[in-house]
Amino acid sequence: MCAIMKTNMLGIFSPFLLIFLVVSFIYGPNSAVSAVKTCKTDHDKVITGWDWEVRNGNAASESYFINICGPAENCGKDTSVCKIGDKPGSTAKNYGASATGNLPTMPYGKGFSITFTGTESSKTGCENKNIQTKINFQCDKILGSPELVDDDGCMVIIEFYTKEACNKSAKVDKIKEIPCVIYNKVDKKKRDLSPLIKLSGGHRVSSESRSVEIFINVCRDITFGPKVPAGTCGNDNDQPSPACRIDKKKPIGKITSTSKLYYDGDKIKLVYNITGTETIPECPNGVKTDITFLCKEQFSNGGAGPILITNVDASPPPCHYDIIWGTGHACTNNDVLTQKCKFTNGEVSFDLIKLEKPKKELSYGLTAGEYDYRIKVCSNGQPCGSDLDGAHTAVCQIKTKKTSEAYSCGNADDRSVRYADGDLTMVYKGGSPCKTGIHRRTIITFRCDPAVEIGEPTFVIEEHCYYYFEWKTRHVCPSRKAGACSVVSKSGDTYDLSILTKNTNNTWLAVNDRKRASGYTYYINVCGSLAKMQYPECHESAACEVKDGKGRGIGMYKTTPTISESGSLSLKYTGGKCPGFGKKNITTIIKFICKNKDLESPPELASMSWDGCDYVFAWTTAAACSLQVTTGKDCFLEDSVTGNVYDLSPLAKGTGGKDYFTVTTKSSDEYYIKICSKEALDKSVCGNKDSAGICQKTKDNTYIAGKVHGNMYYYDGVLKLPFTNGQTCHNKVERKAYITFFCSEAADLGKPVFVGETERCLYNFAWYTKYACPMKTMVCVVKDSQGNEYDLSPLVKTDGNWVVTKAGVTYYINICRVLHQTKETSGCPSNSSACMKKADGTVTSIGEIVGTLAMHKKSPVLQYQTKTIRTIITFTCNHQGQSGEPKLSSHDPDRLYSFTWDTKEACRIEPKNDESGCHDKDTRIYLLKKPEGYTISGPDGGRITLGICQNITCSDKTSPGKKKPISRKKPSTACFIKKDGKAVSIGRSAKSTLEHGLDVTTLTYLGGDLKITPSWARYYETRINFVCTPNITKGKPEFIELVENVYFIEFKTSVVCKSVDVSCVATSQDKHYDLNPLTLTN
């Protein structure tokens, strides 16, 4: 019988530093869980009796167990709050007896507080002789989780932001929700998945089957919205569910009383079940969605999002949906404090320096009740009472009508910081003592709000000489979240730009050949801030403009990419205020154009407005092509869309001196896995059975879970390896297995992890390894010390490689990326960018990508390197406009190979003479120029005369009185002649712009005659959309429509199709042919 395995997994995000605080929802994987009880407060507020754990991560290493509605787990009878130390044999100490009847409350800010009283305190000087636990409830949009604020020996203070504390006026939804934090008993740290909760809609699950559309939520039902409209989940009465298969209009899981996050071994699991009377005929045993959260480092990337690993196209259709989700929220991070106002946990960083007031203003001021407060960020210096120079004061309380009465509410030298649940909390301790002897302290909770620049503190409440403030600002917002760089078109195609995101100092340098922007340099990142660079003005920007050594941010990443109905993919960044233009903000728009297998081409500045407020960049890249399933050969794959190369063959060597990997499950079953080899596991490993690629060994027997694997395939950032034709299972189907590989640069070989087994004997494994990462590429643009730019990306081969033959030796080279694996390059390592093959068939890699493009004596230089060999390619400018080819100039066998390349791409980029597009090197619109222009039919029986790159005669005839008609000419580039003969200028080339889109180039003529209506007055303009149409040589314009003051014209032509250089070099056996000298340059 097939053993159904339980999963293991390791999770997430530890909270922060000096007072390391952790909270958790406690349910073990095998706990018997009945319906969770509820209780009421004295003002009829309903509270759910979840079991929680709150940890204080200081040297005391203690846990607080809480159940607001009754006895807390581990606390014993009639105890709602207790504290237990980590040392073996520690007993529970009563910190709060369970209440009987309705829970008494006290007002707290805009919420309320509940106080539990425990046993007698061992500390003297307490206001009450018994220990008290005070839980402060504040309204939030989700269920949330309690957080420890302080334990001074007299009172424990807990903060709990939760929707259960909201009043009816807050209009908080009643969507079903469960706790979304979990506590690891091994490392004593919390994993918090609540940042993955969607308040509207859900997370789209990536699936290799285009027809399948699944949405899920984490710890909460999906709230119907634009992406998941009502009626798409198929429930009775249209009730929401946490997992929906939209294409079938049915739920595939529900939240029940037993739904919970739990650890199965060392992995986090969340299961949604549909059982009992709600089952469907094709799934009599119920429907289940099983989500496994895997730790994905680089929290700032937000993870890859949920990925479906179940084959939904199988017959019969699945009843069990397995989803893997790699996310930083499932990782453990060691939190550290770097500098006085900069905080990081290794992945998420916050810089509060920008919140500091200038010295002359000293601090933030606010009034609450009869007191004024003065607050400094991160440092002391606030004069306060007897602390005349403020050496020990960061926050001061001053009585409004008696300014001599002032008290220090906190010392910045005695502070702690924590980050949890998306909030950064700073605590200033060591203030002046209160009458009770307790020293005042200040708690500031910084909350992420992207719409607020600096913000300011607001007073929340004062309790027991603790002063609470809240501060909303964008400076505590972490980087992008999962899926924030992808978009799905109406036709179901998925586009993901995250492959362009740079997280290191290797920033994209945009090509700038615009005369209006001459002398400016532009740096761009995609869906994230620029890496730390030398221009501090740009640290939080996604696009930066630099001139004369000074930077200016021209846009921050705030919104996800968009795709129009015509398929145009774009990304919009919004910057600060544009100087002198009131409320106008700087905007940067990046328009992406699909080009398969090209991830090396840089963005190009397409236009810059005259006022320096609006920028448009065009970017030809494979990242703008829709995702496709790509199949490789064995363990090697080259993505047909992006051109990325993957090679898992190093995993064939196995681990521990064996040529296979061993996976042991919680139930002590073992799996032996051999990959990337045509040979099966040795028979001695698998119970004397032949042809096993994966072998399952239980206590009683050994089974072939799958024979030697087939070809690897790729979709949406993950690689899959299928193992089929295993032994027949108990249900008379053949066993099979899938391994899903995830990229992790830090994992080296990594190891397979057992995810689970379905009722149909399908075994799923996940594997983090650096060999699942694409081979390196590099930015192919470089800038010299004078600011001149050089773009070598046109030399990148998207198919085949550059070939150099000399003295019987053939060299294969690609630029800024690895070689394409062809029949000729057989034997060259997959990570090689330069490879040598001798006449006897001996193959040697002579270089891999190790650095960046550089400049040497006004020439771009590219260097590849192995451990022992270097290859240097020096590019020189070809002024005749030829692309050229590489030539071997010298070599020192087994040490250094030098190539030279005379090419037009090595010439510095010169500014274009105009912005009208008539000299655009890519579109060549000037070829459409006609002396007489074009005359076409226009609206209302009129006609349009149109010039391309030249003015035309725009004249009309009028008959004033009885005089003869008078002909009047107007300087114009686009002219509309009405039926009565009157001419209207609808655009002039002197005021024109050019924009690149997806196979469309738009030329806009502005500055026509003024059109006046009763409600507005605007100048006419004409927009000509040149559509790339390869089978039409020149074509002709066609009027489409008039919208208010804008004439839209379409011009289908091959002229704007991007030209591609054709190689004029050929090699046949030992013969080498070069036709480049025959090229006409003009």
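Guide: Let us begin with Val 218, which, once its neighbours within four places in sequence are left aside, is in contact with Cys 180, Leu 193, Leu 196, Ile 197, His 203, Leu 270, Tyr 272, Phe 293 and Trp 325. Please keep in mind throughout that this is a predicted model.

Val 218 belongs to the largest nonpolar core, a set of 58 residues, and it stands among those with the most contacts inside that core, together with Ile 68, Phe 137, Leu 261, Leu 270 and Phe 293. Strand 20, which covers residues 267-274, gives the most to this core, with 4 residues. Apart from this core there is a second, separate one of 46 residues, and Met 533, Tyr 535, Leu 569 and Trp 619 are included in it.

Phe 137, named above for its contacts in the largest core, also takes part in a cluster in which ring pairs link it with Trp 52, Phe 112 and Phe 160. Across the whole structure, a search finds 37 aromatic pairs. One of them is formed by Tyr 646 and Tyr 714, a stacked pair with 5.1 Å from centre to centre and 25° between the planes. Tyr 646 lies in strand 49 (residues 645-647) and Tyr 714 in strand 54 (residues 713-715), so that the pair links distant parts of the chain, 68 residues apart. Tyr 646 counts as buried because its relative accessibility is 3%, under the limit of 20%, and Tyr 714 counts as buried at 8%.

Another such pair brings together Tyr 671 and Phe 754, whose ring centres are 5.1 Å apart and whose planes meet at 15°, so this pair is stacked. Here too distant parts of the chain are linked, with Tyr 671 in strand 51 (residues 670-673) and Phe 754 in strand 57 (residues 752-757), 83 residues apart. Tyr 671 is buried at 0% relative accessibility, and Phe 754 is buried at 3%.

Rings also meet charges in this model: the charged end of Arg 447 sits over the ring of Tyr 161, 4.1 Å from its centre, while Lys 797 lies over the face of Trp 802, at 4.4 Å from the ring centre.

Turning to the cysteines, the count of disulfides comes to 20. One of them joins Cys 233 to Cys 244, with 1.6 Å from S to S, and because the torsion about its S-S bond is about -100°, this disulfide is left-handed. Cys 233 lies in the loop between strand 16 (214-216) and strand 17 (243-245), whereas Cys 244 lies in strand 17 itself, so the pair ties together parts that are 11 residues apart in sequence. Both of these cysteines, Cys 233 and Cys 244, are buried.

A further disulfide joins Cys 686 to Cys 695, with 2.2 Å from S to S, and it is right-handed because the torsion about the S-S bond is about 90°. Cys 686 and Cys 695 are both buried.

How values were computed: Residues numbered from 1 in each chain as written. Predicted model: local features only at pLDDT ≥ 70, side-chain atom pairs only at ≥ 80, totals over all residues. Heavy atoms only, no water. Core = buried A, V, L, I, M, F, W, Y, C linked by side-chain atoms within 4.5 Å. Buried < 20%, exposed > 50% of the residue type's maximum accessible area, 1.4 Å probe, protein only. Helix = DSSP H or I, 4+ residues; strand = E, 2+ residues; numbered from the N terminus. Contact = heavy atoms within 4.5 Å. Phe/Tyr/Trp six-rings, centres within 6.5 Å; stacked < 30°, edge-to-face > 60°. Lys NZ or Arg CZ within 6 Å of the ring centre and 35° of its normal. Disulfide = S-S within 2.5 Å.
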